[in-house]
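Q: I would like to learn how to read a structure feature by feature. Where do we begin?

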Amino acid sequence: MDSFSRGGDLPSSIAFCLDEEEEEALEEDEDPVKTPERAPLNVDSNCKYSPSQDPDNDIFDLDELLPSISEFGKYQKLLVFLICLPACIPCGFGAFNQLFMTDHPSDYWCSVPQLNSTDLSSADKRYLTIPTNSDGSHSKCERYAVNWTDVLAREEPLTSPNITWPTEMCYDGWEFNATGTKSSIVVDFNLLCHRDIYPTVGLLALNIGGPIGVYLFGLLNDRAGRRISYFCCLATLVFGSILTAISPDFWTWAVSRAVVGLTVPAVYQIPFILALELVGPAYRSFVTVMTCTFYTFSLMMLAGITAVIDDWRALSLYTSVPFLLYFLYALIMPESPRWLLAQGKLEEALKVLEVMARVNGKTFPTWFRNKLEQRVAYKKLNGEKAGPTRRVGALDLCRTPNMRLKTILITLNWFANETVYLGLSYYGPELGENAHLSFFFSSLVEIPSYVLCWMIMDRWGRRWPLCLLMILSGISCIVTVTLPEEAKTDTLILFLLSKSMISASFLIIYPFAGELYPTQVRGVGIGTSSYIGGLGLIGIPFINYLGKDNLRLPLVIMGAVSVVGGITGLRLPETLHHCLPQTIEEGEKFGKDWNWRECLRCIPLRPNVPSPSSYEHLSQKAKQEDTVVELNVSKDRKISEKERRKNQRSSMKRLVRQTSTMDTQKTHDGAMQLTYWF
């Protein structure tokens, strides 16, 4: 019978007490290295739970369970490839479809409503009403300021304009050459000439919504769970896109883009987090690369969709409404078992894990089930403990000098990476002869960069690949200023190289920051750095706006930002082969002995810190610790056999929990598996 249906009864494992001799007899037969099938509850001499021995003090580490039920079995593969990865696609559509809604016509001129009732052709109207520039082309933002009713009423027919007439701005809108002009908000809302900054304001509205949405949906993600948070985020995206399609004026459209911006990049991060929490540590790099790859596929798909759909209202609907089908995922998408365990929803977590084990063809371990039963039984008898705990915050990252310096440098690199990556993504359609092909290739070059990162991160570390890629990306952008104005193809090639390298560095910054921040403040640190880094996106639309007069000026600015970020990143300590800091104190010590010799070393060395490579060495290590303990005790006093066994058990427990960062183990079939703690 299921243990959770027993009401307030105790599990059978604690229905009796053992006396001291029986307990010692059991302990002598117990192998501390092997995982016990049943972990008995801590009870006092009266067979009651002891508050000092609260089973809540034992942290549920799902990474200890996953090898038993498969770290990346059939269950995880189905969820990752059929749900989590496709769930990232709406982010790419929502973030970049706006670039094609603001298509700028190439041939336009001021409208003169007074001539609409005449039988003059469009070419004649343009010839008579629009002044010419010094190169012979017609002005796009000025017209002759005359009363055309009076001019046409004269007895002598008008055959040519008078160049001495005064000029004025286009107060009555514009006319467009029907050939090559697509539907866009620029055409529908007359966002040209003195109003050409309005599309940039719309892009600013999208980027302002991003940091707000990350914060709001981040709170919802932690409090209500991954499933509810994702579907709320998806509903917001679809609602904002429908509002975009029906917008009657620019300001309604801008508000709708801010609503869509609330979901970018939250609609990408939530399924990504769920995928990471479903698989074991050995497969998190693979899931990270696959998530980025699916995101890139969405950008390439968007390039194809925009090449077929010319109407901006239809584009908004085609890139959002089909995702209503994703709400069917609510029938099969599970909640993250890690989140359920962290929230104390043990029964729900057990159901998810049992299904995972069953689909993977594994037997659910009894020891983990008993551990859950013990926790539930304790809470039923003693209730929840509400002790005051101090929460760490962003200010804790800046209290000590070394931690403060690393936080500033990580945030600066995050700012440079995110700003340049998104800036180049926005700028892609502006280069080349075809905006759709340029955007497609600027997305396609990201995939080789992801594969490159996957290959070099565990060999050359994080720091040098990150900094070198950022510096080379910046140089590629800056070199474009030396090219002639007509060399658009060469400019596009350098742009693609820069985009590829900044994409690779942007992939590295996530694990690098996670390894530099201590475990105690890792979530706060990454959240703070990504939030501040996201603020750089507010200025990117205006940097790209400078390109309307000088095509290469935005590339030079973004290239300089990338180079500066790459150079400052060399000051960060390398994390490869190092144990990750757990507390703020350990984080302050990590990298404090930095020197230029270490900075100039491209391939990091393994630190000479002896650590057990497998659980088989733990017993020997424990005996060594016991020897040290016995030598430190007074010579006239010897530790009893019972105390020695007790010390050995506590040493063994401590060693099991403090395993090395890199732990090479074997699976049940003898295959080697590499496990790292992230």
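Q: Which helices each supply at least two residues of the nonpolar patch?
A: Patches are made of residues with over 30% relative accessible area and no salt bridge; like charges are joined within 9 Å, nonpolar side chains (Val, Leu, Ile, Met, Phe, Trp, Tyr) within 5 Å. A salt bridge puts a side-chain nitrogen of Lys or Arg within 4 Å of a carboxyl oxygen of Asp or Glu. Here α9 (198–224) and α23 (522–535) each supply at least two residues. Helices (H or I, at least four residues) and strands (E, at least two) are DSSP runs, numbered from the N terminus. The largest share, five residues, comes from α9. The patch is made by I208, I212, Y215, L216, L219, Y531, I532, L535 and I538, with about 760 Å² of surface. Accessible areas come from the Shrake-Rupley method with a 1.4 Å probe, and for residues only the protein chains shown count as cover.

Q: What should I know about the model before going on?
A: This is a predicted model: local features need pLDDT of at least 70, side-chain atom pairs count only at pLDDT 80 or more, and totals for chains, interfaces and linings use all residues. Residues are numbered from 1 along each chain as its sequence is written, and side-chain values use heavy atoms, with hydrogens and water left out.

Q: Is L216 buried, partly exposed or exposed?
A: Buried means under 20% relative accessible area, exposed over 50%, partly exposed in between (1.4 Å probe, protein chains only). L216 is in helix α9. Its relative accessibility is 46%, so L216 counts as partly exposed.

Q: How much of the protein chain counts as buried?
A: Of its 678 residues, 47% count as buried. The accessible surface of the chain comes to about 33,900 Å², and 59% of that belongs to carbon and sulfur atoms. The chain has 29 helices and six strands.

Q: What span should helix α18 have?
A: The expected span of a helix is 1.5 Å times one less than its number of residues. Helix α18 (residues 401–427) has 27 residues and should span 39 Å; its end C-alpha atoms are 38 Å apart, which agrees. In α18, 21 of the 27 residues are buried, so the helix is largely enclosed by the rest of the structure.

Q: Which residues does S425 touch, not counting residues up to four places away in sequence?
A: Contact means heavy atoms within 4.5 Å. S425 is in helix α18 and is buried, with a relative accessible area of 1%. With that sequence exclusion, S425 touches F96, L99, F439 and K499.

Q: What share of contacts comes from residues 24 or more positions apart?
A: Among contacts in the protein chain with a separation of 6 or more, such residues account for 79%. Take W109, in strand β1 (residues 108–110). W109 is buried at 6% relative accessibility. W109 and G173 are 64 residues apart along the chain, yet their C-alpha atoms are separated by 8.6 Å. Leaving aside neighbours within four places in sequence, the contacts of W109 include G173, W174 and F176, as well as S122 and R126.

Q: How many aromatic pairs does the structure hold?
A: Rings of Phe, Tyr and Trp (its six-membered ring) pair if their centres lie within 6.5 Å; planes under 30 degrees apart count as stacked, over 60 as edge-to-face and the rest as tilted. The structure holds 30 such pairs. One of them, Y268 with F272, is stacked: 6.1 Å centre to centre, 15 degrees between the planes. Y268 and F272 are four residues apart in helix α12 (residues 266–278), so about one helical turn separates them. Y268 is buried at 13% relative accessibility, and F272 is buried at 14%. Elsewhere, ring pairs link F72, F81, Y283, F286 and W454 into a cluster.

Q: Which peptide bond is cis?
A: Most residues other than glycine have a negative phi, and most peptide bonds are trans. Here a cis peptide bond joins V264 and P265, with omega about 10 degrees. P265 is in the loop between α11 (250–261) and α12.

Q: Where do S70 and N190 lie?
A: S70 is in the loop between α2 (62–69) and α3 (74–84). Its phi is positive, near 90 degrees, and S70 is not a glycine. S70 is buried, with a relative accessible area of 17%. N190 lies in the loop between α8 (185–188) and α9. N190 also is not a glycine, and has a positive phi of about 55 degrees. N190 is partly exposed, with a relative accessible area of 26%.
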